[in-house]
Amino acid sequence: MANCIVIVQFDLPKRTEEQAIKGGTSSAPIYRGLAKRGLIRKDYLNGETGTGGVYLWDNRESAEAWFTEERIAELTDRFGVRPHLTWYDTHVTVDN
């Protein structure tokens, strides 16, 4: 079964490094607890085109179980803008 990558993007201004670190460290415990639910890794994004995260899941079913409409509504309330989710199935992986 293929892994699944979900890129979550919020159309928001780039944060300062300090703001990005504070935001990431405050929410990291939520994502550490998702290993049992299939999350392999989360990377926080902070760039000129917005903020968000890259989530690597063990499979699409696990990702879909997390990113429900209720979860998206929670994120929208938290950030004040609805996130855009892009879904990718990964069939080939190269580890270095």
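Which residues in the largest nonpolar core touch the most other members? They are Val6, Val8, Tyr55, Trp57 and Phe67, out of 15 residues in that core. A nonpolar core here is a set of buried Ala, Val, Leu, Ile, Met, Phe, Trp, Tyr and Cys residues joined through side-chain atoms within 4.5 Å. Buried means under 20% relative accessible area, exposed means over 50%, and partly exposed lies in between, with a 1.4 Å probe and protein chains only.

Before going further, a word on the model. It is a predicted one, in which local features need pLDDT of at least 70 and side-chain atom pairs count only at pLDDT 80 or more, while totals for chains, interfaces and linings use all residues. Residues are numbered from 1 along each chain as its sequence is written, and side-chain values use heavy atoms, with hydrogens and water left out.

## The core and its strands

Helices (H or I, at least four residues) and strands (E, at least two) are DSSP runs, numbered from the N terminus. S1, S3, helix H2 (60–66) and H3 each give at least two residues to the core described above, and S1 has the largest share of this core with four residues. In soluble globular proteins, nonpolar side chains tend to be buried together.

Leaving aside residues up to four places away in sequence, Val6 touches Gly53, Val54, Tyr55, Trp57, Ala63, Phe67, Leu85, Thr86 and Trp87; contact means heavy atoms within 4.5 Å.

Two strands pair if DSSP finds at least two bridges between them. The pairings can be set side by side:

| Strands | Sense | Bridges | Residues standing opposite |
|---|---|---|---|
| S1 and S4 (residues 84–90) | antiparallel | seven | Asn3 and Thr90 |
| S1 and S3 | antiparallel | seven | Cys4 and Trp57 |
| S2 and S3 | antiparallel | eight | Leu39 and Trp57 |

Strand S3 pairs with S1 and with S2. S3 is mostly covered, with six of its eight residues buried. A hairpin leads from S2 to S3 through two residues.

## The largest pocket

Next comes the largest pocket, which holds about 160 Å³ of space. Of the 16 residues lining this pocket, Lys42, Tyr44, Gly52, Arg78 and Phe79 are the closest to its centre. Strand S1 (3–10), helix H1 (17–32), strand S2 (39–47), strand S3 (50–57) and helix H3 (69–79) are the elements that give two or more residues to the lining.

The search runs on a 1 Å grid over the protein atoms alone: a pocket is an open set of points where a 1.4 Å probe fits, with protein on both sides within 12 Å along at least five of seven lines, and lining residues have an atom within 4 Å of a point. Grid points are joined across faces, edges and corners, and the volume is the space filled by probe spheres set on the points.

By class, the lining has seven nonpolar, six polar and three charged residues. Ala, Val, Leu, Ile, Met, Phe, Trp, Tyr, Cys and Pro count as nonpolar, Asp, Glu, Lys and Arg as charged, and the others, Gly among them, as polar.

Helix H1 holds Glu18 and Thr25. Glu18 counts as exposed because its relative accessibility is 67%, and Thr25 is exposed because its relative accessible area is 53%. From C-alpha to C-alpha, Thr25 is 9.9 Å from Tyr44, at 19 residues apart in sequence. Glu18 and Val94 are 32 Å apart by the C-alpha atoms, and 76 residues apart in sequence.

Gly33 sits in the loop between H1 and S2. Gly33 counts as partly exposed because its relative accessibility is 49%. Its C-alpha atom is separated by 20 Å from that of Arg78, 45 residues apart along the chain.

Finally, look at His84 in strand S4. His84 counts as partly exposed because its relative accessibility is 48%. Not counting residues up to four places away in sequence, His84 touches Ile7, Val8 and Gln9. His84 and Ile21 are 22 Å apart, C-alpha to C-alpha, and 63 residues apart in sequence.
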